[in-house]
Amino acid sequence: MEDTNPHPPKRRRFFAVSSPSPPPEASDPILPSTPLRELHGYAANIDPSSDTTPFAEQDEDTTLEESPEDQFGMGMETAEIKDLSLRFDATMLETVVGELSADVLKRLDDISGGNIERAINMYLDGSWKEAKPSEPKKPGKQSPFDSMLGQNGKRKSSAVTGQSSTAQTPVSDEETAQRLDRMPYERYIGSFGAEGYAVRSGSNLLSHGEEVIIGRQQPQQVQKTVRRGKGRPVTVVSQAASKRKDIVVRFSNSKGEEIGRLPHETAQFVSTLLDQKICSFKAICVYAPEPLRSNETIFLQLKCYMLRQTFAPRALRLTETNRSTGLFETKETEEEKALRLRQTSLVKLFNEIRLFPTSAGQDSKAKRDGLLQVAEMAEEKEKEEAAKGNNTPAKDEEEPQEGKELEQDQLDQLYKKAQTFDFNSPEAEPAETFTMDLRKYQKQALHWMLNKERDKKNEGQEESMHPLWEEYTWPIKDENDKELPTVENQEKFYVNPYSGDLSLKFPVQEQNCLGGILADEMGLGKTIEMLSLIHSNRNEPEAASGTDSKPFNLPRLPKSSDVVEPAPYTTLVVAPMSLLSQWASEAEAASKTGTLKTTIYYGSDKSLDLRAQCSAANAHNAPNLIITSYGVVLSEFTQIANTASGSRATSGGLFSVQFFRIILDEAHNIKNRQSKTAKACYELDALHRWVLTGTPIVNRLEDLFSLVRFLRVEPWSNFAYWRTFITVPFESKDFLRALDVVQTVLEPLVMRRTKDMRQPDGTPLVYLPPKTILIEEIELSKAERAVYDFVYNFVKRSFADNMEAGSVMKSYTTIFAQILRLRQSCCHPTLVRKKEVVADEVEAEAAEAEAKGLTDNMDLQALIDKFTSQENDGAEVNNYGAHVLQQIKEEAQNECPICSDEEIQEMTVTACYHMACKKCLLEVIDHAKRNGNQPRCFNCREPINEKELYEVIKHDPDVAIGGLSGFRENVPEFSLRRIAANKSSAKIDALITNLKRLRRESPGMKSVVFSQFTSFINLIEPALTRERIQFVRFDGGMSQQQRSVVLSKFKAHTGGLVLLISLKAGGVGLNLTEAKRVFMMDPWWSFAVEAQAIDRIHRMGQTDEVIVHRFIVKGSVEERMVHKIQERKKFIASSLGMMSAEEKRAQRIEDIKDLLS
Amino acid sequence: MALPKRIIKETERLVAEPVPGIQAIPHDDNLRYFDVSIHGPAQSPYEGGVFKLELFLPEDYPMTPPKIRFLTKIYHPNIDRLGRICLDVLKANWSPALQIRTILLSIQALLGAPNPDDPLANDVAQRWKEDEPGAIATAREWTQTHAAP
């Protein structure tokens, strides 16, 4: 609410109470009224001309209102100075350096820019006496520790960079100051006509050409801190007043008699401009009836002047509120509203006076219209809510649901912009302690990241205007074509129509976040890039023993509850649980022994007290890298939030320290800003903040907000701001603008390269061996089909009933459970009745909620029994005579008589000892059955049947069976097994067939089998055991420990090995490049999820071609999932498990409709 | 659709190790379609004739038998006027282990041993039963006129 406040920014009002006696300057009558000028009056080299009278005061109207204005100004000043002297905590300063006089305090504040640490240092080394004032540090990092560390980091880096960045800032500050000083108190920008109406009658009240005074109504509430001058209506209105929407603007004649009011539509913006002290208005009566009667129209010409103070930087405004947000969301609407009023009023004014930008990002007309529209929408919304009796914070809660999904082409466009990666950008060599070789683009990433952390501007990039700003030229002639006085070097001014900010200085697009978003596509080595950064930009304990450690020895801040201990040597990595051990092992692999102390902070390993461990005092033993999970962050956050004090310090956990750097891996985990996890992550404290994600925007623009919020990129991390500039325009279909803005947010923040990017010489960024995805259509057996059809009809009927009754959402869980069963029946009929845990939590919940229906259905049971009856008798049949086996052995050399394959695949014998491929034999039987014939032997025409087929199991002596090696000697070279026993399900069969072929053709090749149903994995296991195919298993039910054991076993094992892995647990992050084959047992709703899983194998480090088999049951919902639903959401990775439950449901219902249509 | 390995192999072998008196050449544009010619067996009324046939391997070959038909007019009790052949291995007795080569050999054998008891061309079969020498003469005559090489 800064902007309705009479004070210029750069001070915090709440300090006024504790302020010491006002400095003597306060009463100095010579000083001009605007506090900003006064502030710079302390500068050593102040421009003397600035003390001369501003030209507005010499201007034509120096009449009545001039002296009140002055008085008023003086009043202001008193309050101002009180505030100004206390941008930092004087008490704290004085406890360090001893008591100080008020003007010393003031001075220190000026020169240090409100930075207490700087102030202390300057006071102690005496440099404060001749120092020039500097701009306050950017508010986002205003926490004393932040700035300390920032200072610290910067000092180190500036040694390398040659002071370039540090030297620049004060200069430009001074420039701003001088520029502002040169600006007159007010400056004409234009005029417009208005038709006011009279509120009194009489004659000789107003005549043509007479001066009219425009003023606001006296606000009703008491103004405590500001003394008002008499005469001129006070232009100060508090929040409360503006809330009441009092917009009456009165005008009076030169005698001070109130004559009338401005019309509503004019008053609307004029009132705001007056209230927020942006403009002043002077009016001339063009025509007034004589005698004047009440309610008659008076024609006025309004001249508008911009007030100088408007141009003073107001950057603190938004950020302060943001900081006060604290652990819990506060309402942002007051601020939002003032902002809106300010911006719309400015836009309306510029429209009235026909002032158009000389340079702007885009068509300004459209822009203005858009802004007004946004404001209208907001107003309407407000009204609606008022009608509903909702208070505003509640509205805030609802908003994220409103965020519209991005269309793919929009997303593409967005990414394309963010992806314009310059292949010639500089590279940086990682520190020596980093042992891995980086590729060129990785070195470029390192360079970029180092730059971001050291807060250097990207060289070679010319300064461009901040895209939210517009450039305007001061008019050089007034409404009567009279020359106006000009100000040297000040032809332009700049307006940010989005925030209502005004500036005389060229608004440079700047970046002050000491981190960013590393959004390289999966498999480009984000982890390695990050590890190289960890090595290459770190604080060395040795160095810290010198001057650098000084800041850490400072006494702690008095507000004890929030004391966070700096951990200047520690980087925190937050990653999904399944990736913890991978991070640890990669960190180990990338570092010279002993150069990176790494700790996994999880579960029982959480015992250490981070405050003690990571403090600067413990420099030599502090862990350099702490790896933890989102779950741990959340649980510690809830713990703290639940204690009465909410004290971070006492916990000794993640929230009690300020890390050197935080890295969020797979950061789309926090894409929902309302989620507790996201909120918890925002509260983690660190100097450098990074997020890693392959998908910075999953499907809505708000996803990005959450990342930006975590990064604390000002001002975007303020939701009100974000909403105004991005969400609302986007929702009101102004996509272009919203996306434009998003691009400008993204551009400096994001580094993103994709796998298919090509370097200028045409070689791909990353060479990855080819990947082939084969869809393998599975034909269900008759018995399986019967089960499937039964379930399908059941589900379809039930869904149709629900549609008709309109109770789809209500019976969502039931329907969903049924669909789940249907999908499972494609995998294995017995799954239909299993109540075991399934991969998806939603599904598990749904499956449990399934009260009636399939589980108790007798007909279904009969069908399943029919299926399982084929399954019994799994014993191997070895009672054949030796001669039979001999014959088999000989015949095995022959080709298959049916398919002519050189080697019979899965050699299978009939009861009459004729041999062919299993597939061929089954096909013969199947073909005969379909045509209603008795299946006969292809050779001797004896009747045959499935139950009397025997598969020849060849026990390859080369293949070691894990744990079974002693047993091997007893295994005959050949044995026979009834095929029916093997007939677990069509899909398992297909998998086994593939795995066996693989074993035969490429012995030793590793493969990964993904399924989303752990219960299905349970059924695959015995089939593999039976075939003596070695496997390991990885699923969500395993502890962190178990997982890492499995992964290292899979990596270390020599020879073929199958990894059975649940899609949910293993779909993200893992590195499984040891495998070359992938089997996707069941399709997921969106292919992106499957693709991500496949990329676990097909990623950097993969040396061979990867072949992926996707098993899809022919003529089933699976087919429709793949061809319809996956096709539809090809590009939206919407089902990465991060949608809200509600969204998920609505979408699923749509999907289900598709499935059953 | 890719040609199954089995068809490729059979074709190769038909070329590499041809059966005497039998020729089967696949069409360039449809490798499932063969031009077949069979020499009439010695000591049969068809001796000296070269009979043209067409052979087509259906989609589910070898689960189903090839479709095969005489193009040359032939006077035979088991072959009708349209050239269709009545042969058990082309119907119920088909087995996927049979091949193009074996089928053509069976047809050649059928020419050498007409079976009027299982007729397809009823008039021919009738004549064969009642007046075998006359029928054979007609068959010879037809061979001369229609199947001259």
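Chain B holds an open sheet of four strands in the order β1-β2-β3-β4, with antiparallel pairing. Strands here are DSSP runs (E, at least two residues), numbered from the N terminus, and two strands pair if DSSP finds at least two bridges between them. The model is predicted: local features need pLDDT of at least 70, side-chain atom pairs count only at pLDDT 80 or more, and totals for chains, interfaces and linings use all residues. Residues are numbered from 1 along each chain as its sequence is written, while chains are lettered from A and ligands numbered from 1 in the order in which they are written.

**Strand pairs**
- Strand β2 (residues 33-39) of chain B runs antiparallel to strand β3 (residues 50-56) of chain B, and seven bridges join them.
- In this pair, Phe34(B) has Leu55(B) as its bridge partner, and Ile38(B) has Phe51(B).
- β3(B) also pairs with strand β4 (residues 67-70) of chain B, in the antiparallel sense and over four bridges.
- Within that pairing, Phe70(B) in β4(B) stands opposite Leu53(B).

**Contact between the chains**
- Eleven residues from chain A and nine residues from chain B form the contact, which requires C-beta atoms, placed from the backbone, to lie within 7 Å.
- The side of chain A that touches chain B has five nonpolar, three polar and three charged residues.
- Ala, Val, Leu, Ile, Met, Phe, Trp, Tyr, Cys and Pro count as nonpolar, Asp, Glu, Lys and Arg as charged, and the others, Gly among them, as polar.

Definitions and conventions: Two residues are in contact if their C-beta atoms, placed from the backbone, lie within 7 Å.
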